[in-house]
Amino acid sequence: FDEKHNFFPNEYIEKLKNELLNKKFLKKNSLTDLFDTTMGFIILFKSQFKDNVIKYFPFYKEFIDEIFSDDANVYFINTLILGLNSKVPLHDDRTLATYSKGINVPHPLRVGVLYVDIPEMKGGELNIYLGKNCCAKMKPEKNKFVYFKGNLFHEIKEISEIFSTQSNFRISLVCEIYNINKNSLKAIPNFYTNLPRNDWFNSQV
């Protein structure tokens, strides 16, 4: 894994935070049962539809430019918002399979995580496992960018207390970065989000 601190200009991080705290994004995360104590939404797109995503979600441009890579052709962004008592149990990332039609989806090449806002809290750490052993315990920090291999199991520990008076949510952007073979690529949507259409389609056009 790799982690970098103070990754983006502070102005961009504040812009992201303000956008993502919009009430239309603060809804229960419907991804899978693993995320049932969290909020957020997903965006799935193939490389050639990058501009479509930026058109409708312009505040993601800098993040997408960072994770975009010549060795990948599908990106799955999970905007993940955790509050008090939220957690994500141990799992591996192959979420693309949920949105693909009967194909064998491999693990991502890697997973990129940007921490947008982090309250003072007890819990909320990202633990990464190699086999049954925890090989990394990462304390989230605002504006830290983390990459780790896509086949590693990981979890977010429960947030048992929040001490901040101004920041109440642990906000991160999690991107699963895939290289899918040509035959399987046909079964994957070109561009998809689970947000209601009227929450995004006309927002910036």
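The notes below go topic by topic, starting with how to read the values.

This is a predicted model, in which local features need pLDDT of at least 70 and side-chain atom pairs count only at pLDDT 80 or more, while totals for chains, interfaces and linings use all residues. Residues are numbered from 1 along each chain as its sequence is written, and side-chain values use heavy atoms, with hydrogens and water left out.

**An enclosed cavity**

- The search finds 1 cavity of 30 Å³ or more; a cavity here is a set of points, on a 1 Å grid over the protein atoms alone, where a 1.4 Å probe fits but cannot get out.
- The volume of the largest cavity is about 160 Å³, where volume is the space filled by probe spheres set on the grid points, which are joined across faces, edges and corners.
- Its lining has 18 residues, and Leu80, His91, His154, Ile156 and Val174 lie nearest the centre; a lining residue has an atom within 4 Å of a point.
- At least two lining residues come from each of strand 3, strand 4, strand 5 (110–117), strand 10 (153–156) and strand 12 (170–178); strands (E, at least two residues) and helices (H or I, at least four) are DSSP runs, numbered from the N terminus.
- Strand 12 gives the largest share of this lining, with 4 residues.
- By type, the lining of the largest cavity holds 10 nonpolar, 5 polar and 3 charged residues. Ala, Val, Leu, Ile, Met, Phe, Trp, Tyr, Cys and Pro count as nonpolar, Asp, Glu, Lys and Arg as charged, and the others, Gly among them, as polar.

**A buried threonine**

- Thr95 sits in the loop between strand 4 and strand 5.
- Thr95 counts as buried because its relative accessibility is 9%; buried means under 20% relative accessible area, exposed over 50%, and partly exposed in between, with a 1.4 Å probe and protein chains only.
- The side chains of Thr95 and Glu176 are joined by a polar contact of 2.5 Å. Such a contact is a pair of N or O atoms within 3.5 Å; within protein, one must be able to donate a hydrogen and the other to accept it, and residues adjacent in sequence count only if both atoms are side-chain atoms.
- Beyond its neighbours within four places in sequence, Thr95 is in contact (heavy atoms within 4.5 Å) with Leu31, Phe76, Glu176 and Tyr178.

**Loop residues to look at**

- Asn6, in the loop between strand 1 (2–4) and helix 1 (10–20), has a positive phi near 45° without being a glycine.
- Asn6 is exposed because its relative accessibility is 62%.
- Asn85, also not a glycine, has a positive phi of about 75° and lies in the loop between strand 3 (74–82) and strand 4 (88–91).
- With a relative accessibility of 44%, Asn85 is partly exposed.
- Lys186 belongs to the loop between helix 4 (182–185) and strand 13 (191–193), and is exposed at 69% relative accessible area.
- From C-alpha to C-alpha, Lys186 and Lys139 are 38 Å apart in space, and they are 47 residues apart in sequence.

**Cysteines**

- The whole structure has 0 disulfides, a disulfide being a pair of cysteine sulfur atoms within 2.5 Å.
- Cys134 is in no disulfide, and the nearest cysteine sulfur is that of Cys135, 6.4 Å away.
- For Cys135, the closest cysteine sulfur is in Cys134, and 6.4 Å is too far for a bond.
- Cys134 is partly exposed at 31% relative accessible area, and Cys135 is partly exposed at 40% relative accessibility.

Conventions: 1 Å grid on protein atoms, 1.4 Å probe; cavity = no way out; pocket = protein on both sides within 12 Å on 5 of 7 lines; lining within 4 Å.
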